[in-house]
Amino acid sequence: MGLEVHVELHTETKLFCSCPNRFGAEPNTLVCPVCLGLPGTLPSLNGHAVELHLRAARSLGCKIQRFSKFDRKNYFYPDIPKNFQTSQYDLPLAYKGWMELSPGRVIGITRIHLEEDTGKSTHLSVGQEGELQAGRLGRSDRTHLDYNRAGVPLLEIVSEPDMRTAEEAYQYVDRLRELMLWLGISDCKMEQGSLRCDANVSVRPEGQRELGVKAEIKNMNSLRSIRDAIESERVRQIEVLESGGTVVQETRGWDETTGTTISMRSKEEAQDYRYFPEPDLPSLLFTDEDVARVDAALPELPQARRERYQKEYSLDQEAVDYLTMEPFFGEFFEACVKSGAPAEEVAKWMANTVSRLSNETETPLQASHLTPKNLGRLLTLIDTDEVGAKSGQKVLSVLYKEGGEADAVVDKLGLRQLSSADKLRPMAQTVIDENPAVVQQFKDGKGKALNVLVGKIMKQTKGAANPAKTREILEELIGETE
Ligand SMILES: [Zn+2]
(Lines give C-alpha, C1' and ligand atoms only; values in the text may rest on other atoms or scores of the structure.)
Protein backbone atom coordinates (compact mmCIF):
# COMPACT_ATOMS: atom_id res chain seq x y z
CA MET A 1 0.00 0.00 0.00
CA GLY A 2 0.94 3.54 -0.62
CA LEU A 3 -1.10 6.40 0.78
CA GLU A 4 -1.92 9.87 -0.44
CA VAL A 5 -2.85 12.03 2.50
CA HIS A 6 -4.35 15.47 1.98
CA VAL A 7 -4.01 17.94 4.81
CA GLU A 8 -5.70 21.35 4.80
CA LEU A 9 -3.33 23.96 6.16
CA HIS A 10 -4.26 25.98 9.21
CA THR A 11 -3.92 29.45 7.70
CA GLU A 12 -5.98 32.59 8.14
CA THR A 13 -6.68 32.95 4.44
CA LYS A 14 -6.84 30.85 1.30
CA LEU A 15 -3.82 29.97 -0.83
CA PHE A 16 -4.12 32.62 -3.54
CA CYS A 17 -6.60 35.22 -2.24
CA SER A 18 -7.57 36.89 1.02
CA CYS A 19 -10.82 34.97 1.57
CA PRO A 20 -10.94 33.44 5.08
CA ASN A 21 -9.93 29.79 5.37
CA ARG A 22 -12.77 28.72 7.64
CA PHE A 23 -15.01 25.67 7.93
CA GLY A 24 -18.75 25.76 8.51
CA ALA A 25 -19.78 29.14 7.03
CA GLU A 26 -22.94 29.53 4.93
CA PRO A 27 -22.28 28.09 1.45
CA ASN A 28 -20.60 30.44 -1.04
CA THR A 29 -20.04 33.27 1.44
CA LEU A 30 -16.24 32.93 1.58
CA VAL A 31 -15.52 33.52 -2.09
CA CYS A 32 -14.09 36.25 -4.31
CA PRO A 33 -13.31 36.68 -8.02
CA VAL A 34 -9.85 35.08 -7.55
CA CYS A 35 -10.98 31.79 -5.98
CA LEU A 36 -13.99 31.67 -8.30
CA GLY A 37 -11.59 31.89 -11.24
CA LEU A 38 -13.28 34.87 -12.85
CA PRO A 39 -11.55 36.35 -15.91
CA GLY A 40 -8.96 39.04 -15.29
CA THR A 41 -7.97 37.96 -11.79
CA LEU A 42 -4.47 37.03 -10.65
CA PRO A 43 -3.44 34.75 -7.77
CA SER A 44 -1.13 35.97 -5.00
CA LEU A 45 0.67 33.28 -2.98
CA ASN A 46 0.06 32.93 0.78
CA GLY A 47 3.51 32.97 2.40
CA HIS A 48 2.31 31.35 5.61
CA ALA A 49 1.10 28.31 3.65
CA VAL A 50 4.60 27.92 2.23
CA GLU A 51 6.10 28.22 5.74
CA LEU A 52 3.79 25.46 7.00
CA HIS A 53 4.64 23.32 3.99
CA LEU A 54 8.35 23.67 4.77
CA ARG A 55 7.80 22.76 8.43
CA ALA A 56 5.81 19.65 7.50
CA ALA A 57 8.43 18.65 4.97
CA ARG A 58 11.42 19.03 7.26
CA SER A 59 9.68 17.27 10.16
CA LEU A 60 9.30 14.29 7.80
CA GLY A 61 12.94 14.40 6.76
CA CYS A 62 12.19 15.62 3.22
CA LYS A 63 14.67 17.33 0.94
CA ILE A 64 13.63 20.78 -0.21
CA GLN A 65 13.70 21.59 -3.91
CA ARG A 66 15.86 24.69 -4.36
CA PHE A 67 13.79 25.58 -7.42
CA SER A 68 10.15 24.66 -7.50
CA LYS A 69 7.04 25.94 -9.25
CA PHE A 70 3.30 25.60 -9.54
CA ASP A 71 1.53 23.83 -12.39
CA ARG A 72 -1.98 23.74 -13.71
CA LYS A 73 -3.75 20.40 -13.49
CA ASN A 74 -6.55 20.63 -16.01
CA TYR A 75 -9.82 18.91 -15.51
CA PHE A 76 -13.44 19.81 -15.85
CA TYR A 77 -15.49 19.11 -12.82
CA PRO A 78 -18.17 21.29 -11.24
CA ASP A 79 -16.23 21.70 -7.98
CA ILE A 80 -13.28 23.29 -9.82
CA PRO A 81 -14.45 26.82 -10.72
CA LYS A 82 -11.25 27.66 -12.62
CA ASN A 83 -11.41 24.51 -14.76
CA PHE A 84 -7.94 23.72 -13.50
CA GLN A 85 -6.38 23.17 -10.11
CA THR A 86 -3.19 25.01 -9.22
CA SER A 87 -0.88 22.27 -7.97
CA GLN A 88 2.73 21.11 -8.29
CA TYR A 89 3.68 18.48 -10.84
CA ASP A 90 7.28 17.62 -11.68
CA LEU A 91 9.03 19.84 -9.14
CA PRO A 92 7.20 19.45 -5.82
CA LEU A 93 8.61 21.63 -3.08
CA ALA A 94 9.54 18.60 -0.93
CA TYR A 95 10.63 15.07 -1.79
CA LYS A 96 12.33 11.94 -0.40
CA GLY A 97 11.36 11.89 3.25
CA TRP A 98 10.50 9.18 5.72
CA MET A 99 8.40 8.30 8.72
CA GLU A 100 9.39 5.74 11.32
CA LEU A 101 6.42 3.65 12.53
CA SER A 102 8.39 1.66 15.06
CA PRO A 103 12.10 1.03 15.55
CA GLY A 104 13.41 -0.15 12.20
CA ARG A 105 10.05 0.08 10.39
CA VAL A 106 10.39 3.07 8.08
CA ILE A 107 7.87 4.24 5.47
CA GLY A 108 9.30 6.28 2.61
CA ILE A 109 7.70 9.56 1.62
CA THR A 110 7.89 10.20 -2.10
CA ARG A 111 6.89 13.84 -2.18
CA ILE A 112 4.89 16.57 -0.52
CA HIS A 113 3.39 19.26 -2.67
CA LEU A 114 1.20 22.28 -2.17
CA GLU A 115 -2.07 22.79 -4.05
CA GLU A 116 -5.45 24.41 -3.70
CA ASP A 117 -8.47 22.51 -2.44
CA THR A 118 -11.58 22.14 -4.58
CA GLY A 119 -15.11 23.22 -3.76
CA LYS A 120 -17.53 20.78 -2.20
CA SER A 121 -20.31 19.00 -4.09
CA THR A 122 -23.39 17.73 -2.32
CA HIS A 123 -25.38 15.27 -4.38
CA LEU A 124 -29.08 15.24 -3.59
CA SER A 125 -31.50 12.60 -4.72
CA VAL A 126 -35.05 13.48 -5.79
CA GLY A 127 -36.43 12.65 -2.37
CA GLN A 128 -33.98 14.85 -0.47
CA GLU A 129 -34.46 17.65 -2.95
CA GLY A 130 -38.19 17.50 -2.34
CA GLU A 131 -37.64 17.79 1.37
CA LEU A 132 -35.34 20.76 0.99
CA GLN A 133 -37.29 22.75 -1.55
CA ALA A 134 -40.85 21.58 -1.16
CA GLY A 135 -42.85 21.74 -4.36
CA ARG A 136 -40.30 23.63 -6.41
CA LEU A 137 -38.34 20.90 -8.10
CA GLY A 138 -38.11 17.16 -8.21
CA ARG A 139 -37.33 16.35 -11.83
CA SER A 140 -33.99 14.65 -11.43
CA ASP A 141 -31.07 14.33 -9.06
CA ARG A 142 -29.22 17.54 -8.47
CA THR A 143 -25.81 18.61 -7.20
CA HIS A 144 -25.31 21.58 -4.92
CA LEU A 145 -21.94 23.33 -5.00
CA ASP A 146 -20.22 25.24 -2.23
CA TYR A 147 -17.04 27.08 -3.22
CA ASN A 148 -16.03 28.15 0.30
CA ARG A 149 -13.38 25.42 0.25
CA ALA A 150 -12.13 26.25 -3.26
CA GLY A 151 -8.62 27.67 -2.90
CA VAL A 152 -7.97 26.49 0.67
CA PRO A 153 -4.27 25.49 0.93
CA LEU A 154 -3.77 21.75 0.83
CA LEU A 155 -0.69 19.58 1.28
CA GLU A 156 -0.57 16.30 -0.55
CA ILE A 157 1.73 13.84 1.18
CA VAL A 158 2.49 10.86 -1.03
CA SER A 159 4.12 7.80 0.49
CA GLU A 160 6.11 5.04 -1.16
CA PRO A 161 4.21 1.73 -1.51
CA ASP A 162 5.94 0.57 1.68
CA MET A 163 3.05 -0.39 3.90
CA ARG A 164 2.27 -4.08 4.15
CA THR A 165 -0.76 -4.30 6.43
CA ALA A 166 -3.92 -2.29 7.05
CA GLU A 167 -2.64 -1.78 10.60
CA GLU A 168 0.53 -0.11 9.29
CA ALA A 169 -1.54 2.22 7.13
CA TYR A 170 -3.59 3.11 10.19
CA GLN A 171 -0.45 3.80 12.22
CA TYR A 172 1.06 5.87 9.44
CA VAL A 173 -1.96 8.18 9.18
CA ASP A 174 -2.21 8.37 12.95
CA ARG A 175 1.45 9.45 13.19
CA LEU A 176 1.05 11.98 10.39
CA ARG A 177 -1.99 13.37 12.13
CA GLU A 178 -0.11 13.67 15.41
CA LEU A 179 2.77 15.48 13.71
CA MET A 180 0.55 17.94 11.82
CA LEU A 181 -1.33 18.79 15.03
CA TRP A 182 1.91 19.07 16.99
CA LEU A 183 3.39 21.55 14.55
CA GLY A 184 0.18 23.55 14.17
CA ILE A 185 0.10 22.75 10.45
CA SER A 186 -3.50 21.55 10.35
CA ASP A 187 -6.36 20.87 12.75
CA CYS A 188 -6.62 17.41 11.10
CA LYS A 189 -10.36 17.02 11.63
CA MET A 190 -11.21 14.02 9.49
CA GLU A 191 -14.93 14.56 10.04
CA GLN A 192 -14.60 18.06 8.53
CA GLY A 193 -12.34 16.88 5.74
CA SER A 194 -9.22 18.75 6.84
CA LEU A 195 -7.39 15.42 6.75
CA ARG A 196 -8.29 13.03 3.94
CA CYS A 197 -6.68 9.88 2.72
CA ASP A 198 -6.64 7.83 -0.47
CA ALA A 199 -5.01 4.40 -0.51
CA ASN A 200 -3.37 2.59 -3.39
CA VAL A 201 -3.69 -1.12 -2.71
CA SER A 202 -2.25 -4.03 -4.64
CA VAL A 203 -1.55 -7.67 -3.89
CA ARG A 204 1.00 -10.07 -5.39
CA PRO A 205 1.74 -13.76 -5.14
CA GLU A 206 4.34 -14.73 -2.54
CA GLY A 207 7.82 -14.46 -4.01
CA GLN A 208 6.89 -12.05 -6.80
CA ARG A 209 9.09 -8.98 -6.79
CA GLU A 210 7.09 -6.46 -8.79
CA LEU A 211 3.94 -4.99 -7.31
CA GLY A 212 0.55 -6.09 -8.62
CA VAL A 213 -2.00 -3.84 -10.35
CA LYS A 214 -3.31 -1.32 -7.86
CA ALA A 215 -6.73 0.06 -7.12
CA GLU A 216 -7.12 3.46 -5.51
CA ILE A 217 -9.62 3.68 -2.66
CA LYS A 218 -11.32 6.94 -1.79
CA ASN A 219 -13.99 8.19 0.63
CA MET A 220 -12.45 6.97 3.85
CA ASN A 221 -13.35 9.50 6.47
CA SER A 222 -12.00 8.07 9.69
CA LEU A 223 -8.90 6.25 10.85
CA ARG A 224 -10.99 3.15 11.41
CA SER A 225 -12.48 3.27 7.92
CA ILE A 226 -8.96 3.48 6.44
CA ARG A 227 -8.09 0.24 8.17
CA ASP A 228 -11.37 -1.48 7.28
CA ALA A 229 -11.38 -0.35 3.63
CA ILE A 230 -7.82 -1.51 3.00
CA GLU A 231 -8.46 -4.86 4.62
CA SER A 232 -11.64 -5.37 2.60
CA GLU A 233 -9.87 -4.40 -0.63
CA ARG A 234 -7.00 -6.79 0.09
CA VAL A 235 -9.44 -9.66 0.51
CA ARG A 236 -11.33 -8.68 -2.68
CA GLN A 237 -8.20 -8.56 -4.83
CA ILE A 238 -6.97 -11.92 -3.56
CA GLU A 239 -10.36 -13.45 -4.36
CA VAL A 240 -10.27 -11.96 -7.88
CA LEU A 241 -6.80 -13.35 -8.55
CA GLU A 242 -7.45 -16.75 -7.02
CA SER A 243 -10.59 -17.22 -9.09
CA GLY A 244 -8.53 -16.62 -12.24
CA GLY A 245 -9.54 -12.99 -12.86
CA THR A 246 -7.41 -9.86 -13.18
CA VAL A 247 -7.38 -6.73 -11.03
CA VAL A 248 -8.02 -3.61 -13.08
CA GLN A 249 -6.49 -0.22 -12.34
CA GLU A 250 -9.40 1.89 -11.14
CA THR A 251 -10.70 4.19 -8.46
CA ARG A 252 -12.96 2.55 -5.89
CA GLY A 253 -15.08 4.11 -3.18
CA TRP A 254 -15.42 2.80 0.35
CA ASP A 255 -18.97 2.05 1.39
CA GLU A 256 -19.15 2.18 5.17
CA THR A 257 -22.58 0.52 5.39
CA THR A 258 -21.77 -2.57 3.33
CA GLY A 259 -18.12 -2.70 4.37
CA THR A 260 -16.97 -3.10 0.77
CA THR A 261 -15.24 -1.03 -1.92
CA ILE A 262 -17.18 -0.19 -5.08
CA SER A 263 -15.83 0.62 -8.54
CA MET A 264 -16.21 4.36 -9.32
CA ARG A 265 -14.23 5.03 -12.46
CA SER A 266 -11.13 3.95 -14.33
CA LYS A 267 -8.07 5.72 -13.03
CA GLU A 268 -6.84 8.83 -14.85
CA GLU A 269 -3.25 8.93 -16.06
CA ALA A 270 -1.08 12.01 -15.64
CA GLN A 271 -1.35 12.86 -19.36
CA ASP A 272 -5.11 13.17 -18.98
CA TYR A 273 -4.52 16.27 -16.87
CA ARG A 274 -2.38 18.10 -19.46
CA TYR A 275 -0.16 19.65 -16.81
CA PHE A 276 1.68 22.84 -17.70
CA PRO A 277 3.53 25.47 -15.64
CA GLU A 278 1.32 28.05 -14.00
CA PRO A 279 2.12 31.30 -15.80
CA ASP A 280 0.50 33.58 -13.21
CA LEU A 281 2.71 32.64 -10.24
CA PRO A 282 6.45 33.13 -9.75
CA SER A 283 8.74 30.16 -9.12
CA LEU A 284 9.77 29.31 -5.57
CA LEU A 285 13.46 29.60 -4.76
CA PHE A 286 15.04 28.39 -1.53
CA THR A 287 18.61 28.63 -0.29
CA ASP A 288 20.41 26.40 2.21
CA GLU A 289 19.99 29.22 4.76
CA ASP A 290 16.20 29.14 4.29
CA VAL A 291 16.16 25.42 5.04
CA ALA A 292 18.47 25.84 8.03
CA ARG A 293 16.15 28.53 9.40
CA VAL A 294 13.14 26.19 9.13
CA ASP A 295 15.09 23.40 10.88
CA ALA A 296 16.16 25.68 13.70
CA ALA A 297 12.57 26.71 14.35
CA LEU A 298 11.22 23.14 14.54
CA PRO A 299 10.33 22.07 18.07
CA GLU A 300 11.25 18.68 19.49
CA LEU A 301 9.03 16.19 17.65
CA PRO A 302 6.67 13.83 19.50
CA GLN A 303 8.60 10.61 18.85
CA ALA A 304 11.87 12.15 20.02
CA ARG A 305 10.14 13.54 23.10
CA ARG A 306 8.60 10.16 23.96
CA GLU A 307 12.01 8.49 23.79
CA ARG A 308 13.62 11.23 25.88
CA TYR A 309 10.95 11.01 28.61
CA GLN A 310 11.35 7.26 28.82
CA LYS A 311 15.12 7.56 29.12
CA GLU A 312 15.46 10.71 31.19
CA TYR A 313 12.62 10.20 33.68
CA SER A 314 11.94 6.44 33.32
CA LEU A 315 8.21 7.10 32.99
CA ASP A 316 5.80 4.33 32.05
CA GLN A 317 4.13 4.16 28.64
CA GLU A 318 0.78 5.53 29.81
CA ALA A 319 2.32 8.63 31.35
CA VAL A 320 4.55 9.23 28.33
CA ASP A 321 1.59 8.92 25.97
CA TYR A 322 -0.38 11.45 27.97
CA LEU A 323 2.48 13.95 28.23
CA THR A 324 3.07 13.85 24.48
CA MET A 325 -0.55 14.32 23.46
CA GLU A 326 0.12 18.02 23.02
CA PRO A 327 3.36 20.00 23.04
CA PHE A 328 2.00 22.10 25.93
CA PHE A 329 1.60 19.11 28.26
CA GLY A 330 5.29 18.30 27.99
CA GLU A 331 6.30 21.91 28.57
CA PHE A 332 4.08 22.05 31.66
CA PHE A 333 5.50 18.77 32.93
CA GLU A 334 9.10 19.86 32.49
CA ALA A 335 8.49 23.21 34.18
CA CYS A 336 6.99 21.36 37.16
CA VAL A 337 9.94 19.03 37.40
CA LYS A 338 12.33 21.97 37.15
CA SER A 339 10.59 23.53 40.16
CA GLY A 340 11.74 20.54 42.20
CA ALA A 341 8.76 18.16 42.15
CA PRO A 342 9.48 14.44 41.55
CA ALA A 343 9.04 13.64 37.83
CA GLU A 344 7.18 10.39 38.29
CA GLU A 345 4.66 12.04 40.59
CA VAL A 346 4.14 15.01 38.26
CA ALA A 347 3.46 12.64 35.35
CA LYS A 348 1.09 10.54 37.44
CA TRP A 349 -0.86 13.54 38.73
CA MET A 350 -1.08 15.11 35.30
CA ALA A 351 -2.30 11.93 33.60
CA ASN A 352 -4.85 11.24 36.36
CA THR A 353 -6.14 14.17 38.39
CA VAL A 354 -5.32 17.00 35.99
CA SER A 355 -6.78 15.10 33.04
CA ARG A 356 -9.92 14.32 35.06
CA LEU A 357 -10.33 17.98 36.12
CA SER A 358 -9.89 19.05 32.52
CA ASN A 359 -12.77 16.77 31.46
CA GLU A 360 -15.01 17.63 34.39
CA THR A 361 -14.64 21.38 34.01
CA GLU A 362 -14.44 21.23 30.20
CA THR A 363 -11.46 23.54 30.56
CA PRO A 364 -8.22 22.46 28.95
CA LEU A 365 -5.07 22.71 31.06
CA GLN A 366 -3.93 25.71 29.02
CA ALA A 367 -7.03 27.66 29.99
CA SER A 368 -7.09 26.58 33.65
CA HIS A 369 -5.60 28.49 36.61
CA LEU A 370 -3.10 25.74 37.33
CA THR A 371 0.53 26.74 36.82
CA PRO A 372 3.60 24.49 36.81
CA LYS A 373 4.79 26.39 39.87
CA ASN A 374 1.75 25.71 42.05
CA LEU A 375 1.39 22.09 40.93
CA GLY A 376 5.11 21.60 41.57
CA ARG A 377 4.79 23.10 45.05
CA LEU A 378 1.73 20.97 45.90
CA LEU A 379 3.50 17.78 44.86
CA THR A 380 6.53 18.77 46.91
CA LEU A 381 4.24 19.23 49.94
CA ILE A 382 2.77 15.78 49.29
CA ASP A 383 6.22 14.29 48.81
CA THR A 384 7.39 15.66 52.18
CA ASP A 385 4.20 14.43 53.91
CA GLU A 386 2.97 17.90 54.72
CA VAL A 387 -0.17 17.20 52.72
CA GLY A 388 -1.82 13.80 52.33
CA ALA A 389 -2.45 12.46 48.83
CA LYS A 390 -6.21 12.57 49.32
CA SER A 391 -6.18 16.16 50.57
CA GLY A 392 -3.91 16.95 47.65
CA GLN A 393 -6.76 16.11 45.28
CA LYS A 394 -8.94 18.77 46.94
CA VAL A 395 -6.16 21.34 46.81
CA LEU A 396 -5.49 20.60 43.16
CA SER A 397 -9.15 21.02 42.30
CA VAL A 398 -9.08 24.55 43.81
CA LEU A 399 -5.80 25.41 42.10
CA TYR A 400 -7.21 24.22 38.78
CA LYS A 401 -10.50 26.09 39.01
CA GLU A 402 -9.56 29.20 40.99
CA GLY A 403 -5.79 29.39 41.13
CA GLY A 404 -3.80 30.78 44.07
CA GLU A 405 -0.65 29.75 45.90
CA ALA A 406 -0.46 26.06 46.82
CA ASP A 407 0.56 26.80 50.45
CA ALA A 408 -2.20 29.35 50.95
CA VAL A 409 -4.86 26.96 49.61
CA VAL A 410 -3.60 24.12 51.82
CA ASP A 411 -3.83 26.33 54.92
CA LYS A 412 -7.16 27.84 53.96
CA LEU A 413 -8.66 24.35 53.64
CA GLY A 414 -6.88 23.32 56.85
CA LEU A 415 -5.22 20.40 55.10
CA ARG A 416 -1.64 20.75 56.30
CA GLN A 417 -0.61 17.51 57.95
CA LEU A 418 1.00 17.35 61.33
CA SER A 419 4.20 15.49 60.58
CA SER A 420 6.66 17.08 62.89
CA ALA A 421 7.78 14.67 65.59
CA ASP A 422 8.06 17.56 68.04
CA LYS A 423 4.31 18.12 67.88
CA LEU A 424 3.21 14.49 67.54
CA ARG A 425 5.39 13.01 70.26
CA PRO A 426 3.70 14.69 73.32
CA MET A 427 0.26 13.77 71.94
CA ALA A 428 1.36 10.18 71.42
CA GLN A 429 2.76 10.00 74.96
CA THR A 430 -0.52 11.25 76.45
CA VAL A 431 -2.55 8.71 74.48
CA ILE A 432 -0.23 5.91 75.61
CA ASP A 433 -0.48 7.01 79.26
CA GLU A 434 -4.28 7.21 79.09
CA ASN A 435 -4.82 3.82 77.40
CA PRO A 436 -2.64 1.25 79.20
CA ALA A 437 -4.98 -1.64 78.30
CA VAL A 438 -4.75 -0.97 74.60
CA VAL A 439 -0.99 -0.58 74.85
CA GLN A 440 -0.83 -3.96 76.60
CA GLN A 441 -2.88 -5.59 73.81
CA PHE A 442 -0.39 -4.23 71.28
CA LYS A 443 2.52 -5.53 73.32
CA ASP A 444 0.80 -8.94 73.41
CA GLY A 445 1.04 -9.06 69.64
CA LYS A 446 -2.31 -7.60 68.63
CA GLY A 447 -1.02 -5.30 65.88
CA LYS A 448 -4.46 -3.87 65.23
CA ALA A 449 -4.59 -2.33 68.68
CA LEU A 450 -2.28 0.40 67.43
CA ASN A 451 -5.03 1.60 65.08
CA VAL A 452 -7.09 2.57 68.11
CA LEU A 453 -4.32 4.84 69.35
CA VAL A 454 -3.67 6.33 65.90
CA GLY A 455 -7.41 6.94 65.58
CA LYS A 456 -7.46 8.90 68.84
CA ILE A 457 -4.70 11.21 67.65
CA MET A 458 -6.37 11.65 64.27
CA LYS A 459 -9.53 12.66 66.11
CA GLN A 460 -7.73 15.11 68.39
CA THR A 461 -6.05 16.79 65.41
CA LYS A 462 -9.20 16.71 63.28
CA GLY A 463 -7.48 14.49 60.74
CA ALA A 464 -4.41 16.68 60.37
CA ALA A 465 -1.94 14.21 61.84
CA ASN A 466 0.07 12.27 59.31
CA PRO A 467 -1.05 8.69 60.03
CA ALA A 468 2.15 6.98 58.96
CA LYS A 469 4.28 9.31 61.03
CA THR A 470 1.95 9.00 64.05
CA ARG A 471 2.13 5.23 63.86
CA GLU A 472 5.89 5.34 63.70
CA ILE A 473 6.14 7.57 66.79
CA LEU A 474 3.66 5.46 68.77
CA GLU A 475 5.60 2.27 68.03
CA GLU A 476 8.81 3.97 69.01
CA LEU A 477 7.42 5.23 72.34
CA ILE A 478 5.79 1.90 73.23
CA GLY A 479 9.06 0.16 72.40
CA GLU A 480 10.88 2.44 74.84
CA THR A 481 8.57 1.40 77.69
CA GLU A 482 9.55 -2.27 77.40
ZN1 LIG B 1 -11.18 34.18 -2.65
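Two strands count as paired when DSSP finds at least two bridges between them. Keep that in mind as you look through these close-ups of a predicted model.

**View 1. Strand 4 and strand 5 run side by side in opposite directions.** Four bridges join strand 4, residues 71-74, to strand 5, and the two strands run antiparallel. To find your place, look for K73, which stands opposite Q85 in strand 5. Now widen the view: three strands form an open sheet in the order 5-4-15, with antiparallel pairing. Which strands lie at the edges of this sheet? They are strand 5 (84-87) and strand 15 (276-277), and each of them pairs on one side only.

**View 2. Strand 1 is covered on both faces.** Follow residues 2-8, which make up strand 1; seven of its seven residues are buried. In a regular strand, side chains alternate between the two faces of the sheet. Here, G2, E4, H6 and E8 are buried on one side, while L3, V5 and V7 are buried on the other.

**View 3. Strand 1 pairs with strand 11 and with strand 10.** Six bridges tie strand 1 to strand 11 (residues 195-201) in an antiparallel arrangement. In this pairing, L3 stands opposite A199 of strand 11. Five bridges connect strand 1 to strand 10 (residues 153-159), again antiparallel.

**View 4. Helix 15 keeps its buried residues on one side.** This helix spans residues 449-460, 12 residues in total, and reaches 18 Å from its first C-alpha to its last, close to the expected 16 Å. Which residues of helix 15 are buried? They are A449, L450, L453, V454 and I457. These residues lie on the same side of helix 15 because they cover an arc of only 145 degrees around the axis. An α-helix has 3.6 residues a turn, so residues three or four places apart point the same way. The buried residues of helix 15 pack against helix 13 (421-434), helix 14 (436-443) and helix 16 (467-481). Just after helix 15, look for K462, which takes a positive phi of about 55 degrees.

View 5. How many disulfides does the structure hold? The number is zero. C188 is in no disulfide, and the nearest cysteine sulfur, that of C197, is 12 Å away. C188 is buried, with a relative accessible area of 2%. C17 is buried too, with a relative accessible area of 12%.

Technical notes:
Residues are numbered from 1 along each chain as its sequence is written. This is a predicted model: local features need pLDDT of at least 70, side-chain atom pairs count only at pLDDT 80 or more; totals for chains, interfaces and linings use all residues. Side-chain values use heavy atoms; hydrogens and water are left out. A disulfide is a pair of cysteine sulfur atoms within 2.5 Å. Buried means under 20% relative accessible area, exposed over 50%, partly exposed in between (1.4 Å probe, protein chains only). The expected span of a helix is 1.5 Å times one less than its number of residues. The arc is that of the directions from the helix axis to the C-beta atoms. Contact means heavy atoms within 4.5 Å.
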